[in-house]
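Here are a few notes to read alongside the structure. Have the viewer open and follow the points in order.

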Amino acid sequence: MREGINLLESASPVMVSEMARQCWEDMQPGQSIVIVAHRSPDGDAVGAALGLHHHLKAMGIATNVVLPDRFPAFLDWMPGADGICFYEEETAAAAQLLDAADIIWCLDFNGLDRVGKMEDALRNARGQKWVVDHHQMPDAFADRLLSDPACGSTCELLVDLIAGWGQSDFLSNEAMACLYVGIMTDTGSFRFPSVTAHTHAVLAHFLSRGLGHAAIHQNTFDEQSLNRVQLQGFAMSERLHVFSEYGLAVVAIERGDLDRFHYESGDTEGLVNKVLGLAGVRVAIMAREAEPGLIKLSLRSVGDFSVRDLAAAEFDGGGHKNAAGGIVKGKTIPEFIAFVNTRLSDWIDVS
Ligand code: 5GP
Ligand code: MN
C-alpha cells in the first residue's frame, strides 16, 4: 500500500515507483522545468499540467506551463489558468521556455504530432522529455515514460506518481482541484468503465483532505453561456442524422451555425455524449466545420466498437477505444454526411 492514500495498488506499481524515484532524484534546484500537454487541451490535459505545476510549486520546485493553444472557457476558473503560456498566442515566449528547459513534462499525449503547431519546437527542444500518459501505443519520443492505457486519466496516473514520491499528504487544494477536474472529465464524471476502486480511492483521499468537490462540478458544468446551450439545443434539433439500423448517429454543425450562436472554443463539448445517450445509438460522431474545408470530429462509442480504429483508418486521428478524434479535409458538412452514408456498411456489420 502506498503512503498517504489507502490505495489499492495502481495498475502498474513497479513502473510508477521506478519512474517516481528517477524523476524525483533528477529534478534539481536551478533547473528550468516546463510542463506541456496536447493541443485543444481538455480537462485532463489542463488538469494534469496545472495539477503537477501546483504540486511541484508546493514542494519548492518552480515550473512553467506551456500549452499549444487555448482550452475551453468552462475551464477558465481553474486555479493557475491565467498563468499558462499558449504557444499559438505567445509563440516567441513559449519557444524560449521550451528551448531553455532542462526537463519537459509531457502530459496526456502519446506522440509529438499531438501538440499542433508546437510540434517542431518540442521535438527540437534539448530538455529531457518525461511523459505521463494513458493513450495507446506511445511513439518513441519519451526519455522517460509512465504510460498506462488502462488508466482512465492522466491525472489519476499523476496522483500515483505523487504517491510514489511519498507526497500524497502534501497535496494542496489547488493541486487536488486540478487533478480532480482531469479525473472527472476523462471519466464522464466517474461513470466510464475505466473507473476503478483505485479511482475512487484517489477521490476519497482528496475529499478526506478537504477538497470541495461540489464547487468543481458547478464551476465546470453549470456555468454555461446562453449561446452554448442554444447552439447545442439547435444542433440536436436541426443537425442530427440518425442511422438507426447501424446504431450510429452524427450531429454535424456548419460554420454558419457556429457564427449564429457566437461559437467559442468548448461550446460543443459534451454534445457527442448527448448523441451517444440516444436509445439504440452505439456510435456517435460530432462533426464541426472549423473552417472551410476542415471538419473536426469527436467520436464516441459504447461497447466493443473501436472509434479509435475508425478515426485512425478514415479520419487521420486516434484516441481511445470509446473516445477518439479526427479530421476531414476538403469536404463540406453535406458532403461529409453523404460520405458517412456510403461507408456505414463497411464500418458497422449489422448482419
Ligand atoms: P475529443 O473528442 O474529446 O476531442 O477527443 C477524444 C479523444 O481522442 C481524446 O483522448 C483525444 O486525445 C483523442 N483525439 C482527439 N483528436 C485526436 C487526433 O486528431 N488525433 C489523435 N491521435 N487523437 C485525438
Ligand atoms: Mn486524458
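Predicted model: local features only at pLDDT ≥ 70, side-chain atom pairs only at ≥ 80, totals over all residues.

**Notes on the model**

1. Let's start with a loop residue. Gly210 is partly exposed, its relative accessible area being 48%. You'll find Gly210 in the loop that runs between α7 (197–208) and α8 (213–221).

2. Now to the metal. Which residues supply the protein donors of the manganese ion (ligand 2)? They are Asp44 (OD), Asp108 (OD), His134 (NE2) and Asp186 (OD), and they lie 2.2 to 2.3 Å from the ion. Along the chain, the spacing of these donor residues reads D-x63-D-x25-H-x51-D.

3. Buried or exposed, what is Asp108? Asp108 is buried, at a relative accessible area of 1%. His134 is buried as well, with a value of 2%.

4. Next, ligand 1. The residues around it are Arg39, Arg114, His135, Ser298, Arg300, Gly317, Gly318, Gly319, His320, Ala323, Ala324 and Gly325. Sorted by class, this shell has two nonpolar, seven polar and three charged residues.

5. Where does that shell come from? Domain 1 (13–221) and domain 2 (226–347) each contribute at least three residues to the shell around ligand 1. As for strands, β10 (294–301), β11 (318–319) and β12 (323–329) each supply at least two residues. β12 gives the most, with three.

6. Finally, zoom in on the oxygen atoms of ligand 1. One of them is 2.6 Å from an N or O atom in the Ser298 side chain. For Arg114, a polar side-chain atom lies 2.9 Å from an oxygen atom of the ligand, and for His320 the corresponding distance is 3.1 Å. Taken alone, ligand 1 exposes 500 Å², and the protein buries 78% of that.

Technical notes: Residues numbered from 1 in each chain as written. Chains lettered and ligands numbered in written order. Heavy atoms only, no water. Near = heavy atom within 4 Å. Polar contact = N/O pair within 3.5 Å; in protein donor to acceptor, adjacent residues only side chain to side chain. Areas by Shrake-Rupley, 256 points an atom, 1.4 Å probe, with all protein chains shown as cover. Helix = DSSP H or I, 4+ residues; strand = E, 2+ residues; numbered from the N terminus. Nonpolar A, V, L, I, M, F, W, Y, C, P; charged D, E, K, R; others polar. Domains from an automatic or database assignment. Donors = N, O, S within 2.8 Å, 3.2 Å for Na, K, Ca; no water. Buried < 20%, exposed > 50% of the residue type's maximum accessible area, 1.4 Å probe, protein only.
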